[in-house]
Every structure is written in structure tokens, then in C-alpha cells.
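Hi everyone, thanks for coming. Let's take a few minutes to walk through a model together, so please have a look at the screen.

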Amino acid sequence: MRITLSPSPDLLSLYQPPLEALLVVTDVFRASATILSALYHGARSVRPVATEEEAQSYLNQPQYLVAAERNALRCDFAPLGNDPEEYTPEIVRGKHVVLTTTNGTRSIDMALQLGYRNLCVGSFGNLSRLVRHILSKDYPEVMVIAAGWKGTVCAEDTLFAAALYERIAKECTVSSSENIATEPDCPLTYNDALLFPLEAYRLHRDDLCSYTSRFEHYQRLERLGRLATIPVCLEEDRYPVLPYWHASGVLQSL
């Protein structure tokens, strides 16, 4: 199995994973957690859209909840922003959420434009659920697309790719040790982009909140008074759902 990382969505066309690969879009601070929270708390779907204008076109349709964020702040026209704790059952249950964000939904749009359809959203909040799905399938490659910040790298997104690799490696080791007589080994490979995040994650996995305080996006959220969302976004398995791309243009729990 090959687990790879595209450190920016802008590099996806250069890495060119096979179209049959599973693409895992991650925007750790905060779009991934927001999508997970919406579906976990009862939203019927999340429709990622690329522009504010498209999001606004859904405002007068009662079955939709419009959520929009730019530069880490809620857009004035939108009832909801990009904070996972806004998405309570009382607000989202039974609704379709239309979401546009600075980086996360842009990454989904770029992958779709390149023809990829095996696409899901992953973060620390659904790590175990995502790993179970990957191990139940036979994807030729699993590539994590780090949403970053306007095309540049965000370290927290690359750390999630490392966490995913480490969890899959652990599960494969356990499986092989329990089935030595009947099961083949489960060798994993990764690309150069994942090497340094792996080393950082192995050093700091026990205190990611402190480690990520050195990151640019953490400091951006700190200036905006949004630090309370950081531990929510880093908590493993807080939202055990798997948002998967559907041909109708939405993400739904698989």
C-alpha cells in the first residue's frame, strides 16, 4: 500500500496519483472538522462550493443551511461559519449544508476538476473511521491533499497525513502478527513529502496542541480569538463519520 502527501492542492496535478486512488482532503484548522461535525450531528449532506456567490445562491432555499468563511472569518451573508462547534444537532439535523471556505472546499474543487471521484474528507476527528475504510478496500494509492493556506503549506495538515500513515502501519503490523500463517505482510511506502511530517509527528504526537502553537495558522486563529477550536480539531475520533463524495455533488456519510 502506498500512502502519499500532496503538501498543497496546487501540486496535485504534478503528483498525478492514478484516478482510482483515494484522495483524502484535509484542512485540520478547521474545514475538515466542520464537515465532520455537520454530518455527525445529523446534517443530510454537505455541498462544498468554490465561491461565495454560489453559496449565496442557496440562501432562500429552506432545506439548505449556508456556511461561508474567508480568511478565517464568517462571511457576513452566511448564518454559519467555519467553526465545528456551531454545528449542533438542533441547527443542522435533517438539513443540507452548503459550505465554502478559504482552503478546504477549494481543495475539493481542484481535485474534482482533475477528474478524481474517490474522494473523502479526513482529519484527526475521524482517523479510526478513515483507517477502517482504507484497510477494507484495495486502492492503488491513498493520497492526502493538505489544503494549506491559499496554496501554501500548513504544517498541521501534513501532520494529519503522518498520523494516518502511522495508524495504518500499526493496524497492518497487528494484522500480520495475528495471521502469520495465512496473511501476507502489509508493506507501506510513502513519498518524500511525507518524510519530514512523519519525523515531526513521531516526536510530538503526545502534545500536538503545544507543538502546533508554533504554526502560522494557529497564530492566525489566535489573533482572531479562535483558539478554543484547536483542541477540538486535534481530538482523535471526536466525529467518527466518513464524508465521501457523491456523484450528485455532495459529501455524505459513507
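Let me start with a question: which residues does Leu164 touch, not counting residues up to four places away in sequence? What you see is a predicted model, by the way, so please keep that in mind as we go. The answer is Leu127, Leu130, Val131, Ile134, Val142 and Val144.

As general background, nonpolar side chains tend to be buried together in soluble globular proteins.

Now come with me to helix H10, residues 216–223. Which residues of H10 are buried? They are His217, Tyr218, Arg220 and Leu221. Those four cover an arc of only 160° around the axis, so they fall on the same side of H10. Over on the other side of H10, Glu216 and Arg223 are exposed. And just after H10, you can find Gly225 with a positive phi of about 75°.

Let me stay with Arg220 for a moment, one of the buried residues of H10. Where does its charged end sit? The charged end of Arg220 is over the ring of Trp149, 3.8 Å from the centre of that ring.

On to the aromatic rings. The count of aromatic pairs comes to 5. Take Tyr211 and Phe215: their ring centres are 5.1 Å apart and their planes are at 75°, so this pair is edge-to-face; the cut-off for that is over 60 degrees. Are these two buried or exposed? Tyr211 has a relative accessible area of 15% and Phe215 one of 9%. Buried means under 20%, so Tyr211 is buried, and so is Phe215.

Last stop, Leu254, in the segment after strand E11, which spans 251–253. Leu254 touches Arg129, His133, Leu242 and Tyr244, again leaving out residues up to four places away in sequence. And how far apart are Leu254 and Thr4? In sequence they are 250 residues apart, and in space 22 Å, C-alpha to C-alpha.

That's my tour, and I'm happy to go back to any of these spots on the screen.

How values were computed
Residues numbered from 1 in each chain as written. Predicted model: local features only at pLDDT ≥ 70, side-chain atom pairs only at ≥ 80, totals over all residues. Heavy atoms only, no water. Buried < 20%, exposed > 50% of the residue type's maximum accessible area, 1.4 Å probe, protein only. Helix = DSSP H or I, 4+ residues; strand = E, 2+ residues; numbered from the N terminus. Arc of directions from axis to C-beta. Phe/Tyr/Trp six-rings, centres within 6.5 Å; stacked < 30°, edge-to-face > 60°. Lys NZ or Arg CZ within 6 Å of the ring centre and 35° of its normal. Contact = heavy atoms within 4.5 Å.
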